Amino acid sequence: MSRRRGFIFPILILLSSLAGAAGVPISTGDDFERLLAAMHPDYTNYIGAIRTGSTRFHPLTLYMGLVRKGGEDPTLPEDAPLLGHGVKNDVVVYADSREAGRSDGWAMLLIDHEYFHARHLARGDNTPVPSFGSPEVDRHFYEAVAWGYNLAEAEEGEYPTLTHADYLEAFRNYTMHFESFRDYILRRDRHAWAHYRRFLPDPASRERTVLARNQLDLLP
């Protein structure tokens, strides 16, 4: 895969939900730009704009998504984000990206997820940017590293008010993408897994955190 500036990334960076993101159609009116600026004042190094989608409610398969500059629809290949040193992509958000009943911490996690994607594609960290010749496998890798980042941030208390249910959904998303990517790599090149696993902690290492959060939620 070419890594030159401006190369169109061959997969869509979508923030998807295992629970099916068809949520309750009630907008929460989150100011995602304000939330992101508070967490990451450097976000403008990687994100050109945070814009509302062409529809009021998010598509079935995502809450929000990363698109190339000026892109309108994160579900369209022609609006897919760019990859390269210093590129800036846009984030498309929807009125109901954080669905009714979700915590404020979940809104923070969602926009931070897109921040990670944008920084990753701009080569703003040390996470590799491979292409495996399959959009589906690519998606599993890029989503796994992003959800893994979210879990680590959640465990550091970076998303105040995040509920156990919200954390558990992030954990399930990470586990699904992790397992799909791991299984592919082990089938194709078992030795390569030693490299990629450095960026993808085994979900079993976080099961204690999941259980602890569940116990906290059960306290009176």
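# Close-up views of a predicted model

**Figure 1. The surroundings of Pro160.** Beyond the four places on either side of it in sequence, Pro160 is in contact with Asp104, Gly105 and Met108. The model shown here and in the other views is predicted. Pro160 belongs to the loop between H3 and H4. With a relative accessible area of 47%, Pro160 is partly exposed. Ser103 is 57 residues from Pro160 in sequence, and the C-alpha atoms of the two are 8.9 Å apart in space.

**Figure 2. The overall fold, for orientation.** The protein has six helices and six strands. Their order along the sequence is β-β-α-β-β-β-β-α-α-α-α-α. The protein has 220 residues, of which 51% count as buried. Among contacts with a separation of 6 or more, 76% are between residues 24 or more positions apart.

Figure 3. Helix H1 spans residues 32–39, and its residues Phe32, Leu35, Leu36 and Met39 are buried. Viewed down the axis of H1, the buried residues fall within an arc of 95°, so they line one face of the helix. An α-helix has 3.6 residues a turn, so residues three or four places apart point the same way. Arg34 and Ala38, on the other side of H1, are exposed. The cover over the buried residues of H1 includes strand E3 (47–52), strand E6 (89–93) and helix H2 (104–121).

**Figure 4. The packing of H1 against H2.** Two packed helices are described by the angle between their axes and the distance between the axes. The axes of H1 and H2 come within 9 Å and cross at roughly 70°. Angles of 65 to 115 degrees count as roughly perpendicular, and H1 and H2 are therefore roughly perpendicular to each other. On the H1 side, the residues that meet H2 are Phe32, Leu35, Leu36 and Met39. Their partners in H2 are Ala107, Met108, Ile111, Asp112 and Tyr115.

Figure 5. His40 lies in the loop between H1 and E3. The relative accessibility of His40 is 13%, and His40 counts as buried.

**Figure 6. Thr127 between H2 and H3.** Thr127 is found in the loop between H2 and helix H3 (135–155). Its relative accessibility is 12%, under the 20% limit for buried residues, so Thr127 counts as buried. Leaving out residues up to four places away in sequence, Thr127 touches Phe116, His120, Val145 and Phe199.

**Figure 7. Arg102 and Trp106.** The charged end of Arg102 sits over the ring of Trp106. The distance from this charged end to the ring centre is 4.7 Å.

**Figure 8. The pair of Phe141 and Phe181.** The structure holds 14 aromatic pairs. One of them joins Phe141 and Phe181, with 5.1 Å centre to centre and 55° between the planes, and this pair is tilted. Phe141 lies in helix H3 and Phe181 in helix H4 (residues 164–188), so the pair ties together parts that are 40 residues apart in sequence. Phe141 is buried, with a relative accessible area of 0%. Phe181 is buried, and its relative accessible area is 0%.

Figure 9. The ring centres of Tyr174 and Phe178 are 5.8 Å apart and the planes are at 40°, so the pair is tilted. Tyr174 and Phe178 are four residues apart in helix H4, a separation of about one helical turn. Both Tyr174 and Phe178 are buried. Ring pairs link Tyr174 and Phe178 into a cluster with Phe132, Phe141, Tyr142, Phe181, Tyr184, Trp193 and Tyr196.

**Figure 10. His177 in helix H4.** His177 is located in helix H4. The relative accessible area of His177 is 0%, and His177 is buried. Phe141 is 36 residues from His177 in sequence, with a C-alpha to C-alpha distance of 6.8 Å. Phe141 also forms the tilted pair with Phe181.

Note on methods: Residues are numbered from 1 along each chain as its sequence is written. This is a predicted model: local features need pLDDT of at least 70, side-chain atom pairs count only at pLDDT 80 or more; totals for chains, interfaces and linings use all residues. Side-chain values use heavy atoms; hydrogens and water are left out. Buried means under 20% relative accessible area, exposed over 50%, partly exposed in between (1.4 Å probe, protein chains only). Helices (H or I, at least four residues) and strands (E, at least two) are DSSP runs, numbered from the N terminus. The arc is that of the directions from the helix axis to the C-beta atoms. Contact means heavy atoms within 4.5 Å. Rings of Phe, Tyr and Trp (its six-membered ring) pair if their centres lie within 6.5 Å; planes under 30 degrees apart count as stacked, over 60 as edge-to-face and the rest as tilted. A charge sits over a ring if NZ of Lys or CZ of Arg is within 6 Å of the ring centre and within 35 degrees of the ring normal. Axes are lines fitted to C-alpha atoms, for helices over the stretch in contact, and angles run from 0 to 180 degrees between N-to-C directions. Angles under 35 degrees count as roughly parallel, over 145 as roughly antiparallel, 65 to 115 as roughly perpendicular and the rest as oblique.
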